[in-house]
Amino acid sequence: MTGPITVVGRDVADATSVLAVFPTGEPVRVVWSADWKAGSQPAVVGRAVLPVLGDDSVVVLGSGQDDRDLAGWLSIRLDAPVIWAADSVRRVGDGLEVDRTTHGGRVRVVQQVDAGPAIVLAKPAAGAGTAASADRVATFELGDDTGDVEVLSGSEDTPDRDDVPLARADVVVSVGRGIGGPERLDLFAGLARRLGGALGASRVVVDSGWLPFAHQVGQTGTSVAPTVYLAFGISGAVQHQAGMRGSQVVVAVNTDRDAPLCQVADLVVEADAVAVASALVDRLDRLSTEPDRAGSYS
Amino acid sequence: MSADEEVVVRPTLAVLVKDVPLADDATDANGPRGLDPISEVPLEWALRQRAAGRAAAVVAIAMGPPAAAETLRRAVAFGVDDTLLVSDPGLPGSDVRRTARVLAAAVDQVAATVAVCGYESRDGSSGVVPSAIAAVLGWPVLSRAAEATWTDDDVIEVERDVGSGPRRERVAAPVVLSFVEGRIDPRYPVLRDVLRSRRASVPEIALDRLAARGLETTRHERVVRTERIEPPRKEPAYAGPDDGPDAILEILAEQGIVA
């Protein structure tokens, strides 16, 4: 029989943000440590968390890079199979059955693993509550071991998955290479702010260093499911679509109406991304300065 | 080298490259295959280190069927010194653990002390294998590196972003580095090198000659079924530069986002 399901995270909220992949009522154990900083060596985190895990535990993690790194270490140490990008997880017989979607949402793959330890990387479901009951909670400590790596600079604060505006945002303003360059980002960040939303980005934009990884929408980055997804200058590779297909209304602003994202859009604005964003900001400015609407956007 | 000169042992760099289906949205098992584009980034980085005198040699390693030799020939066209193809009837369908154990053994086999790879493969895209390799080797892993600079004989400074913004870390070899695209622009092999690479022989090694451990594991995840999801066919509305902004505002108003 596959053992208890253990979710590992940085705090209870972080850990429970992946619980939506389980059926309601599945008992889940939460194991967390505030010492688990961004970029911590997986061997250090792994050695600390191992004693708290049961022998045949099913370990559930999120899908961030730190989660992936820990999963790799645990899979070798526990000799456990890894299932990634899981949309849902349920018990079947003595083992587990997991659904994941591939090929940009066009194929659903159902995988099973027999009784014993397993590692599941869950896709954080945007806007999802805690479907399961976190009936047990434990902590682990990391100590001073840095795993032979010296951190020279950079934040160790991981964006808390439960606090990442992107994953839960009602509006996502997402930018691709079509916006022209990083000097245009302020315009789009401003638009996102004005709409009470979050700024997303394609992988190209993040890989080019225009925005940090935390903004990346897609298979590798964050999955979003906003009411409105506004994509500016994003062609929309399958990897990108995998992260935004839960959006209710999709608007694609692109000079190329044949871009893949335009095929899943509700509205295609065939125009320059910067011009449309500027015009939108102007109109929103005018709306907010109309006397009867004053304060609407404060 | 004169006898009183200090002997600097320069490391061998292993670049772990992958042979993948190249077609976008590849569901066809018989479609074209080749070098994973993400593999070009660690290849480029390793070759730059060799050019700067930091590395003694660059060895490209892949696991795959005999046909994957073509992918390693592509690495030869880039300029690697040597290649190693791990090929064995027992390898197809390898999971994360088996892949990591085999590749770690191959890194050992070529006596490399720095192993570099892409942060996730185009087809598998678990992003888990680099740290699993590091776990087998007992080395640290720095994932999602944008750039890495050698500062001393065996000390490397790595710039990376795991979601909290850019950070710099210092690590001594041996180490596993996984790279993202963006900062390092891979070269484009010139025709002469491509032609020469076609004649390159690619050494093959089977599992029984590789000191990989733990391959007897039998508890694997397995695919029980796959289903085609037919996305609802949408017929989008179209707007242009003039009516576009108002059409967007209308949607935002309909959804209650703006008044």
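I looked up the second largest pocket and got about 660 Å³ of space (an open set of points on a 1 Å grid over the protein atoms alone, where a 1.4 Å probe fits, with protein on both sides within 12 Å along at least five of seven lines; the volume is the space filled by probe spheres set on the points). The model is predicted: local features need pLDDT of at least 70, side-chain atom pairs count only at pLDDT 80 or more, and totals for chains, interfaces and linings use all residues. Residues are numbered from 1 along each chain, and chains are lettered from A in the order written.

I then listed the lining (residues with an atom within 4 Å of a point). It has 29 residues, with R203(A), V204(A), A237(A), Q239(A) and E181(B) nearest the centre. α6(A) gives the most, three residues (helices are DSSP runs of H or I, at least four residues; strands are runs of E, at least two).

Next I traced the open sheet of six strands, in the order β11(A)-β10(A)-β12(A)-β13(A)-β14(A)-β13(B), with parallel pairing (at least two DSSP bridges between two strands). β11(A) and β13(B) stand at the edges with a single partner strand each, so one side of each is left without a neighbour in the sheet. β10(A) and β12(A) pair over five bridges; V175(A) has F232(A) as its bridge partner.

Last I checked α2 (42-49) of chain A: six of its eight residues are buried (under 20% relative accessible area, 1.4 Å probe, protein chains only). P42(A) and V49(A) are among them.

Definitions and conventions: Side-chain values use heavy atoms; hydrogens and water are left out. Buried means under 20% relative accessible area, exposed over 50%, partly exposed in between (1.4 Å probe, protein chains only).
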